[in-house]
Amino acid sequence: MSLIHMADYPTSGEVRVSGFSSARMTGRDLWKVRRRVGMVFQDFRLLPGRSALENVALVLEVTGTPRKAIQPKANRLLDQVGLSGKAGALVEELSGGERQRVAIARALANDPYILLADEPTGNLDDRATRGILDLFWDINATGMSVLMATHDLELIRRYPHARLFELDQGKLVYDSAAADTEAS
Amino acid sequence: MYAMREAIAGVRRAPVLIGLSSGMVGMALFVVGLFSLATYNLQIALAAIEERVEVVVYLRDDARQSEIDHLLGELADYPEVSRVNYVSKRDALERAQRELPEFGQLFVDAEVNPLPQSLEVELRPGNRTPDVVERIARGARNYPFVEDALYGEEWVDRLFALRRIGFASTAVLGAAFALVAALIIGTALRIAIFARREEIYIMRLVGARNGFIRRPFILEGAMAGLAGGILAIVLTYTTYRGVYAYLFEVAWIPGGWVGIGLLAGALFGAASSGVAIRRHLREV
């Protein structure tokens with residue numbers, strides 16, 4: 001996930017994201033990749049002391065969205081993740097599941113090509129986990145790729161139709177799509 | 001616009017942190033303010049003493065009026081000279097009686113006025129140096145009707161030595177105080193930014209450009225520096241009033257210095273924040 005998001009760089013080889021190469025990426029140009037890739041973390045990474053709306057609006061301000069359009073779009077995104085009634089609530093006032101939904105709304109604000117989710121349910125209870133996974137399916141249904149990393153095998157079993165990759169020591173050891181092709 | 005809004009919001013969100021930074025900046029600049037106050041008053045005191053530097057040309061009693069007028073004209077022609085006053089024997093006696101009342105009777109009893117007539121040579125500001133006064137005195141001594149030309153040689157030399165020492169110590173101490181203040185301001189704002197590194201990280205995460213992240217922090221630094229500058233001025237002024245009321249008469253520093261202090265506070269605040277944020281932008 002960090003490699004795709006270019007928070008880390010490969011010790012060998014190259015990572016290419018939307019036309020950008022990790023080999024030629026500089027700190028100054030990092031924003032170009034980050035605006036094409038939405039990222040959700042286990043620990044939410046929301047700005048404390050700000051409301052759900054402000055956290056989502058931040059991305060829109062960052063990308064130079066006209067001021068008038070920021071609030072309606074942020075509200076629409078919060079609505080999409082099921083938090084229409086919590087727009088004005090401070091991050092500290094939200095539950096873990098709600099915080100993760102704000103983080104997802106924020107990740108979607110740039111209309112990214114792909115949504116990356118790094119252990120997004122690691123800090124959530126079972127009910128909130130199911131809610132977040134359902135939300136990912138809804139997002140995926142709109143045509144956006146969602147790539148989620150998890151150690152929770154039980155969770156994976158609940159979604160047998162999802163494409164599954166298994167990594168071991170940084171190496172791809174299993175791809176469910178390839179396995180299906182072989183089986184057929 | 002966003003940067004200004006965010007900077008103000010940043011102050012609102014972390015008033016204690018910004019307040020502490022401003023307080024540290026204020027205390028650092030307060031030391032500089034006190035030093036400026038002392039330096040300015042030392043300058044005034046030295047200038048007041050320097051103003052009294054003049055050459056007195058004592059004339060023989062038998063000097064003719066035409067000779068005196070000629071010398072007066074010659075002295076007045078020096079570009080460094082602002083004015084030459086003729087003091088007759090009678091004027092000198094009257095002045096002595098007035099300024100030295102304890103010898104008043106002595107002057108009355110004297111059958112002959114013992115005081116010589118003289119020319120008092122006043123110099124333009126910036127020309128009251130040992131070289132100039134000595135040159136003028138030497139020139140006057142060449143005239144046969146001149147008894148002597150005095151300017152308090154030792155006194156002038158000492159005054160200028162004192163001035164040189166004053167200037168050197170002001171420059172060295174001033175630079176040292178400014179450096180210490182700069183380090184304190186830099187540290188205070190670095191701590192403030194370190195406390196908000198997560199915010200910087202998140203901004204980077206969502207695709208903010210470096211300039212976009214940097215601007216509100218730099219503005220915030222400038223605001224903290226300006227607030228610190230205002231605090232320093234209030235503290236310096238309070239000290240000045242206290243010294244004036246209870247110790248001795250002092251002059252308040254010129255408005256230009258106050259303005260420079262405020263501007264320096266704001267610029268230093270902005271620059272320190274800029275440097276600190278740069279480091280964090282490289283890290284995340």
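In this predicted model, A:Gln169 counts as exposed, with 5 C-beta neighbours inside 10 Å. A:Gln169 sits in the loop between β6 (165-168) and β7 (171-175) of chain A. Its backbone deserves a glance as well: A:Gln169 is not a glycine, yet its phi is positive, at about 55°. Most residues other than glycine have a negative phi. A:Met6 is another non-glycine residue with a positive phi, here near 60°. A:Met6 lies in the segment before β1 (16-17) of chain A. A:Met6 has 20 other C-beta atoms within 10 Å and is therefore buried, since 20 or more such atoms is the cut-off for that class.

For a closer look at A:Val56, the contacts beyond four places away in sequence are A:Ala74, A:Leu77, A:Leu78, A:Val102, A:Ala105, A:Arg106 and A:Ala109.

Helix packing can be followed in chain B, where helix α2 (residues 15-51) meets helix α7 (residues 153-194) at an angle of about 170°, the axes being 9 Å apart. Angles over 145 degrees count as roughly antiparallel, so this description applies to α2(B) and α7(B). Sorted by class, the residues in the contact between α2(B) and α7(B) are 23 nonpolar, five polar and two charged.

Notes
Residues are numbered from 1 along each chain as its sequence is written. Chains are lettered from A and ligands numbered from 1 in the order in which they are written. This is a predicted model: local features need pLDDT of at least 70, side-chain atom pairs count only at pLDDT 80 or more; totals for chains, interfaces and linings use all residues. Two residues are in contact if their C-beta atoms, placed from the backbone, lie within 7 Å. Axes are lines fitted to C-alpha atoms, for helices over the stretch in contact, and angles run from 0 to 180 degrees between N-to-C directions. Helices (H or I, at least four residues) and strands (E, at least two) are DSSP runs, numbered from the N terminus. Angles under 35 degrees count as roughly parallel, over 145 as roughly antiparallel, 65 to 115 as roughly perpendicular and the rest as oblique. Ala, Val, Leu, Ile, Met, Phe, Trp, Tyr, Cys and Pro count as nonpolar, Asp, Glu, Lys and Arg as charged, and the others, Gly among them, as polar. A residue is buried if 20 or more other C-beta atoms lie within 10 Å of its own, exposed if 12 or fewer, and partly exposed in between; C-beta atoms are placed from the backbone.
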